[in-house]
Amino acid sequence: MSWFHTHRWSIATVLVVAALVAPVALDRDSYPLSTYPMYAEARPREVSLPTAVGVDAGGDTHRLSLEVIGGSDDPLIVAGDLREAIARGDDDDRCDEIAQRVADDPPDSGQPLVAIEVAVERRDVVAFVRDEDSLVDRTVAARCPVPERP
Amino acid sequence: MTGWRLHADAPPERLAAVRVLTGAFALGYLVARSPQLLALRDRGAEGFDGVGPLAWLDNPVADEVVTGVFAFAVATGITFVAGAGFRVTGPVFALAVLALTTYRASWGQLLWFDNLMTLHLLILGVAASADAWSLDARRRGGGRDRRRATLDHEYAAPLRLLCVVVVVTYVIAGVAKLRYGGGEWITGDALANHIAFSATRLEVLGGSASPLAHAAVTQAWALPVMAAASVVIELAAPVAMLGGRWRNAWVASAWAMHAAIAALMFVVFPYPLFLVAFAPFFALERAVSRLRGTPVVRLGSRRGERP
């Protein structure tokens, strides 16, 4: 039996550890080899959060759900996806997608929704959690009508 | 396991138990995430940026490829768990999971939920993980032919490598907090802001934040303690390789950290939270034997412990 065969798992261990550490040495996050930077960087109190809301005939806004906004129950995926869409300039298309979901399955928000707004809300997140005034700014990226159900 | 060295020796059943547990988890995870994985077929080319093994890919693949790889992954996942044709299905399932999870990560958002599971599958897929508790082992049967086929197979070394991957991963995460956040990450408002951010993001997207987020943010004195604890737990991961009480204490601490993250931020890392990530550290075959009220069924390999 060759030396390599005898020590194959020791060699594999060295190579795997080197591969795991490589992103750290290169300071480059990737997949599946990563620097695992989740929650590592300081986050400011004021942040811009993408979202979408429904608007009723009276002009009042209503929160939609994760599924309606992003087709997923994972807030990381929905928020990231929406942020990317706004950055690419796809906010109108995304607004239409959300409006169609609302038309197909109206949320139970009391008043029927007539429009969707894709917006970026700048908030003091600590004040928000403390139930204090938190909205610093709000920018509407797109607004579109909710199609009528056939 | 001896008193100080984790997996000084191991029977094939121990590695097989990890195969079954990890494979079943991965299979269930794929099925549970199938809506999100299959929805990738509907995404356009904008925003796509291949990462890792798919860094060479400039554009999304055809819908049929995504569907096909997903179906293939589920099929080979079943054979992975059952230990059927494992010499082929082992690495193939691992590669299919790698392809799917890498593809999902190639839309500009690295989420870190799947890394450890995928790395474990790759190791299990090339190790002798189906020498026991598998259809392959049942087909080989007992006797001299089976012993000859598995004579030079290693079981302890792959288990130790699985453990090393867990340990190095957690150390890297701890290093990242100090590297990118500095000491301020422990003493400053970093953790409070992260908890508040997670809660606010969830609420503005129509979800409901954890009721514990408000308490955590308002009880500011507790957060530096929690921040220090998380960094210590991550950097202390190597003690788990000592086995015994050190291993138990570290696994319990790491699990508690993930439970706290889930409770405070509703952010779930399922692989460690369901304890599957830590399975390689333990002699699972003994637990199975105790449940069945039988001694460990050995293959008669020259390696391995007494039941």
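**Salt bridges, sheet and interface**

Tutor: Asp124(A) and Arg45(A) form a salt bridge whose closest N and O atoms are 3.0 Å apart, a salt bridge being a side-chain nitrogen of Lys or Arg within 4 Å of a carboxyl oxygen of Asp or Glu. This is a predicted model, in which local features need pLDDT of at least 70 and side-chain atom pairs count only at pLDDT 80 or more, while totals for chains, interfaces and linings use all residues. Side-chain values use heavy atoms, with hydrogens and water left out, residues are numbered from 1 along each chain as its sequence is written, and chains are lettered from A and ligands numbered from 1 in the order in which they are written.

Student: How many residues apart are Asp124(A) and Arg45(A)?

Tutor: Asp124(A) lies in strand E3 of chain A, whereas Arg45(A) sits in the loop between H2 and E1 of chain A; helices (H or I, at least four residues) and strands (E, at least two) are DSSP runs, numbered from the N terminus. The pair therefore links distant parts of the chain, and the two are 79 residues apart.

Student: In which order do the four strands of the open sheet in chain A lie?

Tutor: The pairing in this sheet is antiparallel, and two strands pair if DSSP finds at least two bridges between them. Strands E2 (61-63) and E4 (135-145) of chain A are the edge strands, each pairing on one side only. The order in chain A is E2-E1-E3-E4.

Student: Which residue in E2(A) stands opposite Val53(A)?

Tutor: Strand E1 of chain A covers residues 46-56 and pairs with E2(A) in the antiparallel sense over three bridges. Opposite Val53(A) stands Arg63(A).

Student: Which helix of chain B packs on the sheet?

Tutor: The helix touches E1, E2 and E3 of chain A, where contact means heavy atoms within 4.5 Å. Its direction makes about 20° with that of E1(A), with axes as lines fitted to C-alpha atoms, for helices over the stretch in contact, and angles running from 0 to 180 degrees between N-to-C directions. The helix, residues 190-204 of chain B, is H10.

Student: How many salt bridges does the rule find across the interface of chain A and chain B?

Tutor: At this interface, 59 residues of chain A are in contact with 64 residues of chain B. Arg33(B) and Asp73(A) meet through their side chains in a salt bridge (3.5 Å, N to O). Across the interface of chain A and chain B, the rule finds three.
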